[in-house]
Amino acid sequence: MKNYIVTIPAAVAVTALLAGCAGGPSRSEAEYRQLALDTIKRDFQAKGQAKYERLTADELQQACNAHANNPPPELAAKLAGAQLATVKLPADDKYLGDWKSGEKIAQSGRGFTWSDKAENPAGGNCYNCHQIGPNESSFGTVGPSLLGYGKTRGNSPEMQKYTYSKIFNAKAFNLCSEMPRFGHAGALNEKQIKDLVALLLDPASPVNK
Amino acid sequence: MKRSIVMATALTVTWSLPAAAQTKDANAEFEKFRAEMEESNPAELFELKGEELWKAKRGPKNVSLAESCDLGQGIGKVEGAWVKMPRYFADADAVMDGERRIVWCMTEKQGFKFADIAKKPFQGANDNNAPDITNLVTYVASASKNMKFDMPLHDDKVRDAYETGKAMAAYRAGPYDFSCNTCHGADGKRIRMQNLPNLSSPEGALRGVQGWPGYRMTGGVMLTSQWRMNDCFRQQRFPEPKYASQAVTNLIAYMTGNANGQMYKGPGIKR
């Protein structure tokens, strides 16, 4: 009788264990992350300008990868400071370029793929993810709408500096943001970023009409 | 004969469309058009070529795939095989997606060289014909039309491929910090006017695996999931995934697993 009582929970436990083995993952998330990395390093190859080294995550990417894009506060604070430190502000302290040129940069989705020529300038890829000017209806929605950006935020020196810095390195303000670090990555130069700042903040830009 | 006329008509109609594009109306128009096109999808042409290739004695060993290739349902059996892959194949000791498995059969059973197949595995915009492997994939996929995806996720090895693929989809690196999930990890996102399926959801994953192999109207080419993964990594600014590698199988396993239980409508048609 005593044995009988003991065996029932044991059988239930064994069944549950078997079900667990057959139904779910057999390793931890960290182990699968390592497997994923090993697989990527083994099964990817350089092509065109996309060199093999691109597969290696930098410190920030590693932190975002390891913590599902939400690193713990202490690490996040340290990394955010490091990202902000990468922002190179214009030596002349002027932030507003030419919004017309900015519109062209915002339209271009070129750059950094293995089929792009490395010597050609990259575009801003802005419309890929954002609504910006009122005359372009083909815009993406991965990022927020920027229509009326300057109208709602004003055109103060602080706002100009923030907008420049945000485009230069979005991760300085939102650590695991989906937005590329255009200045930090070397995709856009100082003049191009100023032109984009003008597109967003210049009262004459259609974005703010 | 009747079939080829339908095909020719379909091809002519398509070419006037892509220029329109770019607006929501155009999107709706296209969806309507695509629904009509599914009845006479040019993919059928590639299916027929693939069927011939499947049954023909070919390669240095002069054997057919029909008499030598096991896609998991028995030698030569194609019915229902596509929706049950990726799966584990003991003879190769690997989890393989459909295209990778056919390539394996071509090299191991027919004696073709992998390097020759991998040299140009996808149809380019200027190519008149799709590679043999694309035709074979289209044929095999078509033999699962109107069947439910049923990848054996309960198999530990398949589960490992799925979970590794899931982790790969979240891996951010490269100059733009992109992962697969940057574009395909949330509902309702677009790049320009292109809707992006959320591959972590059953509906989004189905859109992913339903689309390829698919006939792409732009350029009039037949393309496979292996191509789709390749071109995604190009846009992700990553280096290139090797053709028919485990990395690609893992990603296909992740999508197919999420699409499990839903109906496969056969080779797709894409803008």
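Modeller: The model is a predicted one. The closest cysteine sulfur to that of Cys129(A) belongs to Cys183(B), and because 6.2 Å separates the two atoms, they are too far apart for a bond. A disulfide is counted here only when the two sulfur atoms lie within 2.5 Å. A second case of this kind is Cys180(B), whose closest cysteine sulfur, in Cys232(B), is 6.8 Å away and therefore also too far for a bond. Cys180(B) has a relative accessible area of 16%, so this residue is buried.

By the same cut-off, two disulfides are found over all chains. One of them joins Cys64(A) to Cys176(A), with 2.0 Å between the sulfur atoms. The torsion about this S-S bond is about -90 degrees, which means that the disulfide is left-handed. Cys64(A) belongs to helix 3 (residues 59-66) of chain A, while Cys176(A) sits in the loop between helix 8 (157-168) and helix 9 (190-201) of that chain, so the link ties together parts that are 112 residues apart in sequence. Cys64(A) has a relative accessibility of 3% and therefore counts as buried. Cys176(A) is buried as well, at a relative accessible area of 9%.

The other disulfide is in chain B, where the sulfur atoms of Cys69(B) and Cys105(B) are 2.1 Å apart. With 75 degrees about the S-S bond, this link is right-handed. Its two ends lie in distant parts of the chain, 36 residues apart: Cys69(B) is in the loop between helix 3 (43-55) and strand 1 (87-89) of chain B, and Cys105(B) is in helix 4 (residues 98-108) of chain B. Both Cys69(B) and Cys105(B) are buried.

Helix 3 of chain A, for example, contributes at least two residues to the lining of the second largest pocket, as do helix 2 (29-43) of chain A and helix 7 (156-169) and helix 8 (180-184) of chain B. The volume of this pocket is about 760 Å³. Its lining consists of 33 residues, and those nearest its centre are Arg33(A), Asn65(A), Lys166(B), Ala167(B) and Ala170(B). Helix 2 of chain A gives the largest share of the lining, eight residues. Sorted by class, the lining has 13 nonpolar, twelve polar and eight charged residues.

Helix 4 of chain B, for its part, is among the elements that supply two or more residues to the lining of the largest cavity; the others are helix 10 (225-235) and helix 11 (246-259) of chain B. This cavity holds about 150 Å³ of space, and a search of the whole structure finds one cavity of 30 Å³ or more. Sixteen residues line the largest cavity, and Trp82(B), Trp212(B), Ser225(B), Ile252(B) and Thr256(B) are the closest to its centre. Nine residues of the lining are nonpolar, five are polar and two are charged.

Helix 6 (residues 132-142) is mostly covered, with ten of its eleven residues buried. Among the buried residues are Ile133(B), Leu136(B), Val137(B), Tyr139(B) and Val140(B).

As for chain B as a whole, eleven helices and ten strands are present. The chain has 271 residues, of which 58% count as buried. Among its contacts with a separation of 6 or more, 67% are between residues 24 or more positions apart.

Glu136(A) is placed in the loop between helix 6 (126-129) and helix 7 (149-153) of chain A. Its relative accessible area is 19%, and Glu136(A) is therefore buried. Leaving aside residues up to four places away in sequence, Glu136(A) touches Gln107(A), Tyr127(A) and Arg192(B). Gln107(A) is 29 residues from Glu136(A) along the chain, and the C-alpha atoms of the two are separated by 9.2 Å.

Conventions. Residues are numbered from 1 along each chain as its sequence is written. Chains are lettered from A and ligands numbered from 1 in the order in which they are written. This is a predicted model: local features need pLDDT of at least 70, side-chain atom pairs count only at pLDDT 80 or more; totals for chains, interfaces and linings use all residues. Side-chain values use heavy atoms; hydrogens and water are left out. Helices (H or I, at least four residues) and strands (E, at least two) are DSSP runs, numbered from the N terminus. Buried means under 20% relative accessible area, exposed over 50%, partly exposed in between (1.4 Å probe, protein chains only). On a 1 Å grid over the protein atoms alone, a cavity is a set of points where a 1.4 Å probe fits but cannot get out, and a pocket is an open set with protein on both sides within 12 Å along at least five of seven lines; lining residues have an atom within 4 Å of a point. Grid points are joined across faces, edges and corners, and a volume is the space filled by probe spheres set on the points. Ala, Val, Leu, Ile, Met, Phe, Trp, Tyr, Cys and Pro count as nonpolar, Asp, Glu, Lys and Arg as charged, and the others, Gly among them, as polar. Contact means heavy atoms within 4.5 Å.
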